[in-house]
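Hi,

Here is the structure I promised to pass on. Have a look at it first, and then read on for what turned up.

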Amino acid sequence: MVNCLLASTSTIYGGTYLDYLFQSLENLYHGVHEIIFIPYARPSGISYDEYTSKAEIAFQKIGKQLRGIHTFENPIEAVKSATGIFTGGGNSFVLVTELYNQNLIQVLQEAIICGTPYLGTSAGSNIAGPSIRTSNDMPIVYPPSFDTLGIIPFNINPHYLDPNPNSKHKGETREIRIKEFHKFNDIPVIGLREGSWIRLQNGQIILEGDELTARVFEKGKTPYEIEAKTELGNLK
């Protein structure tokens with residue numbers, strides 16, 4: 001049974017890397033000793049080793065070991081044998097391109113469906129939906145496909161921002177961009193605010209995170225807010 005935590009971000013204001021998720025991660029990775037880290041999204045273009053070291057420091061605080069997938073001779077076998085997986089944030093297009101290059105999309109999907117605990121933050125959460133077409137990232141590389149894991153039946157827009165009436169910027173808001181998406185696509189989209197995450201466990205898909213709401217976009221409907229603890233399994 002799927003056991004995932006899909007967070008909008010790795011770090012909230014005033015905190016350190018993943019610290020706001022530590023308690024939930026102990027639950028997610030209960031009984032897991034070593035976690036495979038997928039650093040392919042490379043935030044700010046950092047190396048795989050640099051990114052892995054950053055994540056490793058955080059996981060040491062909850063007594064877990066982390067190993068970058070790039071250090072394995074066979075990444076496919078690494079995912080198949082993993083007892084826990086974490087895909088970090090960064091650029092979704094860079095991440096998906098490398099997952100396809102390494103022939104890992106289907107393998108990762110199968111591992112998660114079979115119950116391997118999975119954490120995604122930002123880009124790592126984006127890939128849990130049917131596609132990355134609602135990413136905020138620049139398409140700096142061209143992946144073989146925008147299609148991703150489809151573990152959840154909707155797309156995520158992480159780091160979701162509400163319009164600021166005091167801003168001098170009068171261009172497109174996140175809401176407008178998602179409405180543009182729905183001119184050509186039917187997939188629902190969750191605007192996931194910082195400090196929120198989606199938990200898949202025991203056959204349920206639940207919005208979590210410090211009593212924050214999330215914004216739901218469905219084609220042909222007025223966007224609406226949902227409260228923390230809302231079940232999202234019927235959103236298709």
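Two strands count as paired here if DSSP finds at least two bridges between them. With that in mind, and remembering that this is a predicted model, look at Phe37, which stands opposite Gly68 in β3. Strand β2 (residues 34-38) is joined to β3 by 4 bridges, and the two run parallel.

These strands belong to an open sheet of 7 strands, ordered β3-β2-β4-β5-β1-β8-β9, with mixed pairing. At its edges are β3 (65-68) and β9 (204-208), each of which pairs on one side only. From one strand to the next, the twist averages 20°. Helix α2 (residues 48-60) packs on this sheet, where it touches β2, β3, β4 (85-87) and β5 (118-121). The direction of α2 makes about 165° with that of β3.

Now for the nonpolar cores. The largest has 42 residues, and the ones that touch the most other members are Leu6, Leu108, Ile127, Phe154, Ile190 and Ile198. Helix α5 (residues 105-113) gives the most to this core, contributing 5 residues.

Leaving aside neighbours within four places in sequence, Ile198 is in contact with Cys4, Leu5 and Leu6, with Phe154 and Ile156, with Ile190 and Leu192, and with Ile205, Ile206 and Leu232.

There is also a second, separate core of 22 residues, which includes Leu21, Leu25, Phe37 and Phe59. That brings us back to Phe37, the residue opposite Gly68.

Enjoy exploring, and write back with any thoughts.

Best wishes

How values were computed
Residues numbered from 1 in each chain as written. Predicted model: local features only at pLDDT ≥ 70, side-chain atom pairs only at ≥ 80, totals over all residues. Heavy atoms only, no water. Core = buried A, V, L, I, M, F, W, Y, C linked by side-chain atoms within 4.5 Å. Buried < 20%, exposed > 50% of the residue type's maximum accessible area, 1.4 Å probe, protein only. Contact = heavy atoms within 4.5 Å. Axes fitted to C-alpha atoms, helices over the stretch in contact; angles between N-to-C directions.
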